[in-house]
Amino acid sequence: MKMTMVSMETCYKFDIVETKDAVRNAFDNAGLVLALTEATGVIKTLSNELQQTQQEYKKHLAKTERILSGIQEYEKQNKNERKKIAKDVVDYWFEKVTTPVQPVKNKTVVFFTADNELYCEPKVDHCYRVEVNSYRDKMIRTLIAQKAYVPTETLIEICGFASRKSLESAVDAMNRIAHKELGIFKIMEGYRDSGYRIYPGVILKKE
């Protein structure tokens, strides 16, 4: 994926919290425990570095690897795993910083009822009933409960999928249904190894 370099004059907002989330997300995906007390200084340095540098993507990765080496659990991993974690951090950061925050008024509100119906107004035209305890039901409930990405392996385990490919197929199917029955672009999205979340253009509410 081609990354977009962002200048300091950009109108996009960024906060150190996003850097912390990026590091935590990368460690979660690697099945590692992140000690925030140990990582605070590293996260601040990494946040500053990612905001200020204007170098090529591979240089971002090299600097991120070097900075993350200040975390003990990261250093215990082999070279390939360290590169993967660093790449996860940088990819996550760039995705966040280059995606403008959509005003709530531009989002589509989708309701999930006690009767397992997904709908948006007008309900008579845009409604789909989800089978109780199905893969789709479990996916939706899990993603509603989380405000950020749910790691792929976590979602596979919670929903009972046989494999990553089965999960991907189920997400694609649910997005096709959402587009056809609810009239929205899609309802879920995935990002590389970060996992899955409710599509940012949708506000999904339980009734």
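This is a predicted model: local features need pLDDT of at least 70, side-chain atom pairs count only at pLDDT 80 or more; totals for chains, interfaces and linings use all residues.

Q: OK, which residues are linked in a network of salt bridges?
A: Glu-117, Lys-123 and Arg-129 are.

Q: Is Glu-117 buried or exposed?
A: Glu-117 is buried, because its relative accessible area is 14% and the cut-off for buried is under 20%. Lys-123 counts as partly exposed, at 33%.

Q: How many salt bridges does the structure hold?
A: Seven. One of them joins Lys-83 and Glu-65, at 3.4 Å from N to O. That pair links distant parts of the chain, with Lys-83 in helix 5 and Glu-65 in helix 3, 18 residues apart.

Q: And what does Glu-153 meet in a salt bridge?
A: The side chain of Arg-164, at 3.3 Å. Glu-153 sits in helix 7 and Arg-164 in helix 8.

Q: Switching topic: in what order do the strands of the open sheet come?
A: The order is 3-2-1-6, with mixed pairing. Strand 3 and strand 6 are the edge strands.

Q: What joins strand 1 to strand 2?
A: Two bridges, and the strands run antiparallel. Phe-111 has Tyr-119 in strand 2 as its bridge partner.

Q: Which strands does helix 8 lie across?
A: Strand 1, strand 2 and strand 3, running at about 140 degrees to strand 3.

Notes:
Residues are numbered from 1 along each chain as its sequence is written. Side-chain values use heavy atoms; hydrogens and water are left out. Two strands pair if DSSP finds at least two bridges between them. Helices (H or I, at least four residues) and strands (E, at least two) are DSSP runs, numbered from the N terminus. Contact means heavy atoms within 4.5 Å. Axes are lines fitted to C-alpha atoms, for helices over the stretch in contact, and angles run from 0 to 180 degrees between N-to-C directions. A salt bridge is a side-chain nitrogen of Lys or Arg within 4 Å of a carboxyl oxygen of Asp or Glu. Buried means under 20% relative accessible area, exposed over 50%, partly exposed in between (1.4 Å probe, protein chains only).
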